[in-house]
Amino acid sequence: MKTANLRGLTVLLLGLSFVSCTAELTPEQIADNLRESLISAQPGDVIDIPEGVFAFSRSLSLTADGVTIRGAGMDKTVLTFKDQAQGAEGLLVSASDFTVEDLAVEDTKGDAIKVNEGTNIVFRNVRTEWTNGPDTKNGSYGLYPVQTENVLIDGCVAIGASDAGIYVGQSRNVIVRNSRAEYNVAGIEIENTVGADVYDNVAVNNTGGILVFNMPDLPQEGHSTRVFRNEIRENNTANFAPEGTAVASVLAGSGVVITANDKVEIFENTFEANQTAHVVIASNYSTNYSERETVEGYDPFPEEIFLYGNEYSGGGDAPAMPELEAARTALFGEDGRLPAILWDGFANPEKSKDGELLDEFGICSSDEVEVFNADAPNGFAGPRVSAARSCEHTKLAPIALASDLTL
């Protein structure tokens with residue numbers, strides 16, 4: 001016990017020493033000190049970075065558990081990788097009990113911050129941004145925890161990612177809240193993840209606002225995601241993802257996109273002016289990755305989707321797909337709009353009747369909205385509109401994280 005206390009005291013003194021002498025160091029020296037601190041980090045270390053802009057030409061990495069990296073604010077402490085020549089990420093973390101907060105990572109060659117195979121991961125008040133705006137050459141992901149468990153993303157900002165601004169993949173027990181995603185291809189993406197709450201966020205000016213996906217070639221199939229109390233508007237930015245990537249098939253003008261994922265609950269959100277549809281529900285067969293190798297038991301169909309208490313305005317007036325645009329004008333006239341909910345029409349024949357999902361597996365909603373069945377299985381030959389079913393699915397339980405993560 002004495003050794004642990006001495007160790008804690010040593011870390012505190014080192015932290016104070018590092019901060020107290022930064023006024024006498026150049027930004028280049030502070031950047032070098034940060035790199036060395038990450039390499040030599042020990043469990044329990046708190047690495048404080050002062051206000052300023054610090055440039056890096058190669059990736060940073062951390063492998064020690066129990067480390068906190070803390071800046072002076074997401075607009076005050078900026079790690080820029082504009083001249084990055086080496087490495088695929090800005091910061092790569094392979095550790096658990098990791099927290100990063102109050103700083104920004106800009107203009108990385110690849111992903112901004114990637115955390116791989118860790119538990120108890122916290123991103124708090126972190127900004128990732130590509131400052132040149134939407135561009136296919138931008139890095140793929142802003143915040144990128146993958147194969148993680150117990151993840152909190154709180155008060156963050158993600159701008160300009162050519163894939164997803166805030167992405168959580170192949171993970172369990174996740175909260176994304178109080179964050180803003182703007183001008184990304186996918187604003188916030190939950191992929192092959194079991195148990196996620198996405199709430200009190202703003203997704204604006206992305207290609208697709210919030211995505212809940214299940215990819216076919218990954219070892220874990222996701223389900224049970226709640227998307228609620230979000231502002232999801234004007235996600236009409238042209239898709240700038242590199243060709244062949246999963247999100248390259250996301251239609252501009254999509255508010256929430258659910259692809260091949262089950263048990264998704266969408267409630268108390270505000271949808272506004274998403275020009276294809278506010279909610280897009282699709283099978284794997286409507287994507288550009290449908291031919292990928294699938295793991296045994298992969299379910300390509302989205303099922304048990306439950307919508308209630310949402311507000312919808314505008315949207316559906318300029319769908320980013322010729323077949324949908326043709327259907328819009330044919331069914332609703334030149335000035336008409338597609339309904340708030342767009343379904344591609346693919347259904348598991350074992351869980352449907354006459355091409356419509358049975359209530360226990362279907363799209364249920366208490367919102368006064370219509371569902372547009374695009375009839376994609378038949379080449380969009382017979383698109384049609386129906387009232388949303390008033391059925392209900394069992395509501396999902398809230399995600400609970402340890403109190404020390406959510407503080």
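Figure 1. Gly208 stands opposite Ser254 in strand E22, within a pairing of E19 and E22 that runs in the parallel sense over five bridges. Strand E22 comprises residues 254-259 and is mostly covered, six of its six residues being buried. E22 is also joined by five bridges to strand E25 (residues 277-282), again with the two strands running parallel. In this second pairing, Val256 is the residue that stands opposite Val279 in E25. The structure shown here and in the following views is a predicted model.

**Figure 2. The twelve-stranded open sheet.** The strands follow the order E3-E6-E8-E10-E13-E16-E19-E22-E25-E28-E32-E33, and the pairing is mixed. Strand E3 (58-62) and strand E33 (384-387) stand at the edges; each has a single partner strand, so one side of each is left without a neighbour in the sheet. On average, and with direction ignored, neighbouring strands of this sheet are turned by 20° against each other. Between strand E16 (residues 186-191) and strand E19 (residues 208-213), the pairing is parallel and extends over five bridges. Here Ile188 stands opposite Ile210 in E19.

Figure 3. Leu60 stands opposite Leu91 in E6. E6 pairs in turn with strand E8 (residues 111-116), in the parallel sense and over four bridges. The bridge partner of Leu91 in E8 is Ile113. Helix H2 (residues 27-39) lies across E3 and strand E6 (86-93), and runs at about 35° to E3.

**Figure 4. Surroundings of Val198.** Val198 is placed in strand E17. With a relative accessible area of 0%, Val198 is buried. When residues up to four places away in sequence are not counted, Val198 touches Val176, Ile188, Ile190, Ile210, Arg226, Val227, Phe228 and Asn230. The C-alpha atoms of Val198 and Ala397 are separated by 13 Å, the two residues being 199 residues apart along the chain.

**Figure 5. Two asparagine residues with positive phi.** Most residues other than glycine have a negative phi. Asn192, although not a glycine, has a positive phi of about 50°. Asn192 is found in the loop between E16 and strand E17 (194-199), and is buried with a relative accessible area of 0%. Asn205 likewise has a positive phi, near 65°. Asn205 lies in the loop between strand E18 (202-204) and E19. Because its relative accessible area of 17% is under the 20% cut-off, Asn205 also counts as buried.

**Figure 6. Arg124 and its contacts.** Arg124 has its place in strand E9 (residues 119-129). At 16% relative accessibility, Arg124 counts as buried. The side chain of Arg124 reaches the backbone oxygen of Leu405 at 3.0 Å. Leaving aside neighbours within four places in sequence, the residues in contact with Arg124 are Thr99, Val100, Glu101, Asp102, Leu152, Asp154, Cys156, Leu405, Thr406 and Leu407.

**Figure 7. The buried and exposed sides of helix H3.** In helix H3 (residues 322-332), the buried residues are Leu324, Ala327 and Arg328. They cover an arc of only 105° around the axis, and therefore lie on the same side of H3. Pro322 and Ala330, on the other side of H3, are exposed. The elements that cover the buried residues of H3 include strand E28 (341-343) and strand E32 (370-373). Gly333 follows H3 and has a positive phi, near 90°.

**Figure 8. Confidence along the predicted chain.** The chain has a mean pLDDT of 92, and 94% of its residues reach 70 or more. Over residues 1-22 the pLDDT is below 50. Beyond near neighbours in sequence, this stretch has twelve contacts in the model.

Key:
Residues numbered from 1 in each chain as written. Predicted model: local features only at pLDDT ≥ 70, side-chain atom pairs only at ≥ 80, totals over all residues. Heavy atoms only, no water. Buried < 20%, exposed > 50% of the residue type's maximum accessible area, 1.4 Å probe, protein only. Arc of directions from axis to C-beta. Contact = heavy atoms within 4.5 Å. Pairing = 2+ DSSP bridges. Axes fitted to C-alpha atoms, helices over the stretch in contact; angles between N-to-C directions. pLDDT = per-residue confidence, 0-100. Polar contact = N/O pair within 3.5 Å; in protein donor to acceptor, adjacent residues only side chain to side chain.
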